[in-house]
Amino acid sequence: MENDFNPLSLDNQLCFALYVCSKEIIRKYSPILEPLGLTYTSYITLLCLWEKDNVPVKELGKRLFLDSGTLTPLLKKMEGQGILTRTRSQNDERTVFIKLTEEGKALREKCKDIPRQMMCYNLLDLEKAGDLLSSLHCIMERIGES
């Protein structure tokens with residue numbers, strides 16, 4: 001019996017399936033985030049800063065898996081919106097610290113319902129979503145090691 005698995009079939013590419021799911025889920029965030037003046041990337045940046053504020057750009061980039069070429073313009077835009085401040089370290093001017101403003105902290109209250117709103121899309125039941133999240137964290141860990 002011949003094996004029908006084609007490793008070059010688009011449908012057999014894990015990375016393509018992850019790409020499509022990610023892109024489409026992020027698209028569903030847009031109508032929720034736009035009224036708050038946020039993009040998905042600025043939203044995940046806020047999630048990070050609500051967990052730990054006043055962090056160096058390098059640490060923030062590592063946590064978000066974003067390089068400085070992507071992160072710097074985003075942080076400049078968020079600073080212009082009054083969400084955060086960027087301050088050079090007095091000990092080492094190459095280090096820039098990111099700190100939420102009061103407005104940035106207040107956005108947390110406005111965003112607290114976003115996870116529930118996204119769950120309304122019923123993409124997966126809670127158990128499957130938890131299993132998928134666990135698997136993706138495992139992949140992220142392995143990617144970070146290489």
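Helix H2 (40-51), strand E3 and helix H6 (114-119) are among the elements that cover the buried residues of helix H5. This is a predicted model. The buried residues of H5 are Gly104, Leu107 and Cys111. They span an arc of only 40° around the axis, so they sit on the same side of H5. The general rule is simple: an α-helix has 3.6 residues a turn, so residues three or four places apart point the same way. Now turn to the face of H5 that looks away from the buried side. There you find the exposed residues Glu102, Arg108 and Glu109.

Thr101 lies in the loop between strand E3 (96-100) and helix H5 (102-111). Thr101 has a relative accessible area of 18%. Buried means under 20%, so Thr101 counts as buried. What does Thr101 touch, leaving aside its neighbours within four places in sequence? Its contacts there are Gly82, Ile83, Leu84 and Thr85.

Next, the aromatic rings. The structure holds four aromatic pairs. In one of them, the ring centres of Phe16 and Tyr19 are 6.3 Å apart and the planes meet at 35°, so the pair is tilted. Both residues belong to helix H1 (residues 14-33). They are three residues apart, so about one helical turn separates them. Phe16 is partly exposed, at 32% relative accessibility. Tyr19 is also partly exposed, at 48%. Elsewhere, Tyr29, Tyr40 and Tyr43 form one aromatic cluster.

The largest pocket has a volume of about 2,000 Å³. Its lining has 42 residues, and Ile25, Tyr29, Tyr40, Leu133 and Leu136 lie nearest its centre. The elements that give two or more residues to this lining are H1, H2, helix H3 (57-64), H5, H6 and helix H7 (126-145). H1 gives the most, with eleven residues. By class, the lining has 31 nonpolar, five polar and six charged residues.

The second largest pocket holds about 180 Å³ of space. Its lining includes Pro56, Val57, Lys58, Ser68 and Thr72. Leu75, Arg86, Arg94, Thr95 and Val96 line it too. H3 and helix H4 (68-80) each supply at least two lining residues. H4 gives the most, with three. What classes make up the lining of the second largest pocket? It has four nonpolar, three polar and three charged residues.

Methods:
Residues numbered from 1 in each chain as written. Predicted model: local features only at pLDDT ≥ 70, side-chain atom pairs only at ≥ 80, totals over all residues. Heavy atoms only, no water. Helix = DSSP H or I, 4+ residues; strand = E, 2+ residues; numbered from the N terminus. Buried < 20%, exposed > 50% of the residue type's maximum accessible area, 1.4 Å probe, protein only. Contact = heavy atoms within 4.5 Å. Arc of directions from axis to C-beta. Phe/Tyr/Trp six-rings, centres within 6.5 Å; stacked < 30°, edge-to-face > 60°. 1 Å grid on protein atoms, 1.4 Å probe; cavity = no way out; pocket = protein on both sides within 12 Å on 5 of 7 lines; lining within 4 Å. Points joined across faces, edges and corners; volume = space filled by probe spheres on them. Nonpolar A, V, L, I, M, F, W, Y, C, P; charged D, E, K, R; others polar.
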